[in-house]
Amino acid sequence: MKMEQYGFLIFVFLTTVLTIVKCDDLATYTVEEKILIKQLHARLVNDLTQPIMHDNAYLVRFLRAQEHDLDKAEVMMRENLAWRNETNMDKIMDEDWSPWVEKYPFSIHMHDAEGRPALTSSIGQIDARNLILKGQKDMLDRFMVYIYERGLYNVKHASIRTGKEFIDGYLLFNMAGYGVRTHACLACIPTWIKLVDYYERFYPQLCRSIIAINTPKIFKRVFDIIKPLMTAHTSQIVRLYDFDKDNWKQELLKIIPKDVLIPEFGGKGKVIQATVQSQKELENWIH
C-alpha cells in the first residue's frame, strides 16, 4: 500500500475518533460542534445582548436544533434576538413578578446526582381561564416565558456551582388540578400552543427531560393538539404519568436523589421556593 493511502486511512481514522471526543464528562461537544460554535459566535458576537449568550452551551442548542446547519442556526439565533428585542425580554427579570411567584410558586434548587438542575412547577394550580377572563392572558404567557428564562439561568448556575458544564436541565410539572374548564377551554389552548412554540424557537433543547405527573386524561387530549408543534427531539423527551404515585415516584427517583426531590414529587427533600431576582442579581448569581 502506498504512503498516500496509509496517510488517507490515518486521516479517516483520526477524523472518526475526533468527531466523538467529549471536551469533558458532561458537555458532549464534538470537534465539529466546537468549530461550528466558534463560527456561529463570530457571526453574532456584535449582536448578542446578554453575557450568557456567549456561552458554548447557549449556542450549541441552536446548532443542534438546526442539525448543525450553520446558516440556519444563525437565522434562528437572529430571530431569537429580534423577539427578545421586540418583547423586551432582556428586562423581564426586572419586572415585578412577586405576586405571580407567590401565588404560583416554583422550585429551582433540585438536581440529579451529577448536579444537573431541575425546575418544578405546579402548573395544574394555575387557573388559566380565570386569568384570561380578567384580561391577564398576556401576563400569563409572559410568566410562562419568565419560568423558561429562570430555567436558562439555572442551568448556567449549576455549571458554575458544580464546576461541570451542563447544556440542559429537567422540567417537572405537577398537573394535579388541571381541568377542562380551567385549562382546556377554547380561550386557554392558545396559551399552551404558545408555550410550546416559544420553547422550540427561543429555548431549543434546554430540557433533558420534560416530565408531568398527575396528568388527567383531558391533558392528554390537549397534548395531542400541541404535539405536532414539537420537534422530534422534544416529543421524545416528554413523559406523561397519571395519578399512580408509585409509578412516577419510582421513575423520578431514578433521576433526582430522594433527599433532594421535594415531597410533592415523591421525595424527602427540603422545599425551597424560587425567589424573584433582578437581571443584575441573576448575572451576579452565575459569576
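Which residue forms a salt bridge with D168?

1. The partner is R208: the closest N and O atoms of R208 and D168 are 3.8 Å apart. This is a predicted model, and the distances in this note are to be read accordingly. The pair links distant parts of the chain, since R208 belongs to strand β4 whereas D168 sits in the loop between α7 (137–162) and β3, 40 residues apart. R208 counts as partly exposed because its relative accessibility is 38%. D168, at 13% relative accessibility, counts as buried.

2. The strands may be considered next. An open sheet is built from 5 strands in the order β1-β2-β3-β4-β5, with mixed pairing. β1 (106–111) and β5 (238–240) stand at the edges; each has a single partner strand, so one side of each is left without a neighbour in the sheet. On average, neighbouring strands of this sheet are turned by 20° against each other, direction ignored.

3. The pairing of β1 with β2 is antiparallel and comprises 4 bridges. Within this pair, M110 stands opposite A118 of β2. The two strands form a hairpin with 5 residues between them, and G115 in the turn has a positive phi of about 105°.

4. D112 is found between β1 and β2 (117–121), and it counts as buried because its relative accessibility is 5%. A polar atom of the D112 side chain lies 2.9 Å from the backbone nitrogen of E114. The side chain of D112 is also joined to that of Y170 by a polar contact of 2.9 Å.

5. Strand β2 is mostly covered, with 5 of its 5 residues buried. In a regular strand, side chains alternate between the two faces of the sheet. In β2, P117, L119 and S121 point one way and A118 and T120 the other way, and all are buried. β2 also pairs with strand β3 (residues 169–174), here in the parallel sense and over 4 bridges. S121 stands opposite F173 in β3.

6. Strand β4 (residues 207–213) and β5 run parallel and are joined by 3 bridges.

7. The structure holds 17 salt bridges. One of them is formed by the side chains of E33 and R64, at 2.8 Å from N to O. The pair links distant parts of the chain: E33 lies in helix α2 (residues 31–44) and R64 in helix α3 (residues 56–65), 31 residues apart. With 3% relative accessibility, E33 counts as buried. R64 counts as partly exposed, its relative accessibility being 21%.

8. A further salt bridge, between the side chains of E74 and R78, has an N to O distance of 3.1 Å.

9. Is N85 buried or exposed? N85 counts as exposed, because its relative accessibility is 64% and the cut-off for exposed is over 50%. N85 and T49 are 36 residues apart in sequence, and their C-alpha atoms are 9.2 Å apart in space.

10. The final point concerns the surface. I193, I225 and L229 form a nonpolar patch there, with about 240 Å² of accessible area together. Of these residues, I225 has its place in helix α10 (residues 217–226). At 47% relative accessibility, I225 counts as partly exposed.

Definitions and conventions:
Residues are numbered from 1 along each chain as its sequence is written. This is a predicted model: local features need pLDDT of at least 70, side-chain atom pairs count only at pLDDT 80 or more; totals for chains, interfaces and linings use all residues. Side-chain values use heavy atoms; hydrogens and water are left out. Two strands pair if DSSP finds at least two bridges between them. Axes are lines fitted to C-alpha atoms, for helices over the stretch in contact, and angles run from 0 to 180 degrees between N-to-C directions. Patches are made of residues with over 30% relative accessible area and no salt bridge: like charges are joined within 9 Å, nonpolar side chains (Val, Leu, Ile, Met, Phe, Trp, Tyr) within 5 Å. Accessible areas come from the Shrake-Rupley method with a 1.4 Å probe; for residues, only the protein chains shown count as cover. A salt bridge is a side-chain nitrogen of Lys or Arg within 4 Å of a carboxyl oxygen of Asp or Glu. Buried means under 20% relative accessible area, exposed over 50%, partly exposed in between (1.4 Å probe, protein chains only). A polar contact is a pair of N or O atoms within 3.5 Å; within protein, one must be able to donate a hydrogen and the other to accept it, and residues adjacent in sequence count only if both atoms are side-chain atoms.
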